[in-house]
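Morning, everyone. Please look at the structure first, and then I'll walk you through a few backbone details.

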Amino acid sequence: MVTVSLSSPLDKWDDVNLDAEDGGRRRRYEKRCTSHHSSSELLCLNLHLLHYMIQTQSHKCVCVLQSDTEFWDKMQAEWEELARRNWLEESEGERPNPPTVSPVEKGYYFNTNNPYRDWPNAFAEGQEKAREGDLNAAVLLLEAAILQDPQDSEAWQILGMTQAENENEQAAIVSLQRCLELNPNNLPALMALAVSFTNTGMQREACDALRRWISHNPRYKHRVLDHRSLSGLQDVLLLFQDAALLNLDCVDPDLQTGLGVLFNLSSDFNKAVEAFTAALSVRPQDYLLWNRLGATLANGNRSEEAVEAYTRALELQPGFIRSRYNLGISCINLGAHREAVSNFLTALNQQRRSQRCSHQQMSANIWAALRIAISMMDRPELFQAANIGDLDLLMSAFDVGDV
Amino acid sequence: MKSVKVVVVGAGVIGFSTAVCIAEALPFCSVTLLAEKFSPDTTSDGAAGLLFAAKFPDIPLERQRRWFKDSFDHLLAIAQSQHSPEAGVMLSSGWQIFKEEPADKKPFWSDFVIGFRPMTDRELNQFPDRKFGQAFTTIKCECSSYLLWLEKRFRKAGGQVQQRKLNSLQELSNSYDIIVNCSGLGSKLLVGDTQVYPVRGQVLKVEAPWLQHFIRDGDGMTYIYPGIHSVTVGGTRQEGDWRLQVDEGDTKSILERCSRLVPSLSKAKVLSAWVGLRPSRRNPRVERELVQLQGHRVPVVHNYGHGAWGVTLAWGTALDALGLVKQCLHEMPLQAKL
């Protein structure tokens, strides 16, 4: 059976990422991007080139510069579109040999046809939309802000954090890395990056980000100087535990968050729960923390409690796609497949809603989790709908309305 | 997204049936079938493949009935479709005959085959020293065709096939999330099961196109099964006997016994002789467990030990194994994101 994967470049990052260990897909993507085009597509590009040559010939020097830029812009757009389409085409075919490429994608793929492309005040509005939980609009506005000023490290930071909330981990990682290239000491970006690396199983990178976080943190950096060479999980954990001892009379929620992440990395889920709970005692309205607590509980086989934590997160932020996704996962683990399906459909619908061009921002892994939940319900006819990405059919089959 | 990697070990009728069930029902799993021997070198290849069954002592009858019915219905649909010749699945009518009236005159599978009834006196008359018999129409599934057909179906569902000798499940622990063990007698070595043992069976293929009905002696020692290309006659049941060579004494005994039932068989030309080791066990093992492999616990679904009834129960137990794989998936929590 051919699995049609309906995905945008953003989605595909998740696929890439899930396979990061064997890296098979990554290579296929690169291969396809550079050399794998159907003859008709190549022909189309060649005609373009021919057309361009004729044009520049006949117009000689008239405005060559301008048409040149235009052409290359167009060319660029077309190549991107090709890359996108090739991504779509390759479903679950054969896997080539695993290459040795870093699983960290360096380029960020912007949404095409961004309606906010030239929006004034895009950053402030994007930030506002993110606060409101309209994650798609936030992503588009923040992308617009970055297209207007690619050096805006804060925009990259907020974009990265928003992409994580929107369950697009790989886009989050790329954005946060770009932010840190521009501003290496951005503490929230380092923490968010550590979380994203933890979620993708990249323990070394996660530890490194946390070591950087604590050694740039004005409260703790004086203690780190002599530990600079230490970056193993246990070393970094010791750094954080030492630092926590400094705060006996008060709780630093950020430090506790770091501890929670580190305990997750070492699969010490009960200690991680304590750390996030401590952080929540200071910031009870922080929906990110509630979700982190929930995910920790879930990964430590405490799904019932996890559901409570996610529910709290979603009360505080109904548009929090990641937490909705996690809630669905916990439902699967509790055997409540129908509820799981309903949560995944709600999340996908939220991702689709603010942007009518449908599948652009839907997460591939939410679709994948949805397929798993449906296949466990023994509903083959609906499985097919999930396979081809027919959200409307599934929503009506499961009575999921617009929320 | 193919997120879960499943490996099925064994390329006999149990292995391929199970692999097909999983690959078709769980498209998000990438399924690899791995085996040392493939058709025509599997035990299934020599099996006559006539569908009926004996009762296993410790498995709820309801479950055995389901295994039988699921397998029968699956194969009947093939027999009645255009796939019949390619898959080597056909209907076959005939008799099971007894020297003494059996205690259980109506076996548990009698409702699932077609037209099951006691034999009439006139039917019984052709077998002088037989007191009782059952007439019915059942399925004959010839694995030399059926395995290839299943393999095609498996590949079509995205399955991959790998030829390799496996010495231990440890070799698989880093490459797969779920292991499905359909290695039959191989389980003795692979999972250290001391309860699985061979029951040697020798059969002959003879040319006797005038024979159209299957005849099976109730003791299971002597049988005549007309097939698509030849008639399979047998057999032997030698417990604990690992010899794979043809035994001339057995050949002689088979021909004698079968000719006594059907005298014209003495005129049939013997085409070939074949020996297989039935992967026998007090009860087939269709269950799952978590096995500690190289530091992590890997779910293993077992489906082996069907003895003489592999072809009869393959699809039914494969569906059970699929259910067990689903349970493994269920307990394999998807990771939550911080």
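A helix here is a DSSP run of H or I with at least four residues, a strand is a run of E with at least two, and both are numbered from the N terminus. This is a predicted model: local features need pLDDT of at least 70, side-chain atom pairs count only at pLDDT 80 or more, and totals for chains, interfaces and linings use all residues. Residues are numbered from 1 along each chain as its sequence is written, while chains are lettered from A and ligands numbered from 1 in the order in which they are written.

Start with Asn301(A). It sits in the loop between helix 15 (287-299) and helix 16 (303-316) of chain A. Is Asn301(A) buried or exposed? Exposed, because it has 10 C-beta neighbours inside 10 Å. The cut-offs: 20 or more other C-beta atoms within 10 Å means buried, 12 or fewer exposed, in between partly exposed, with C-beta atoms placed from the backbone.

Next, Asn113(A). Its phi is also positive, about 55°, and it is not a glycine. It lies in the loop between helix 4 (64-89) and helix 5 (122-132) of chain A. With 9 C-beta neighbours inside 10 Å, Asn113(A) counts as exposed.

Now chain B. Ser39(B) to Pro40(B) is a cis peptide bond, omega near 10°. Pro40(B) is in the loop between strand 2 (29-35) and helix 2 (43-46) of chain B. Gly234(B) and Gly235(B) are also joined by a cis peptide bond, with omega about 5°. Gly235(B) is in the loop between strand 11 (231-234) and strand 12 (238-239) of chain B.
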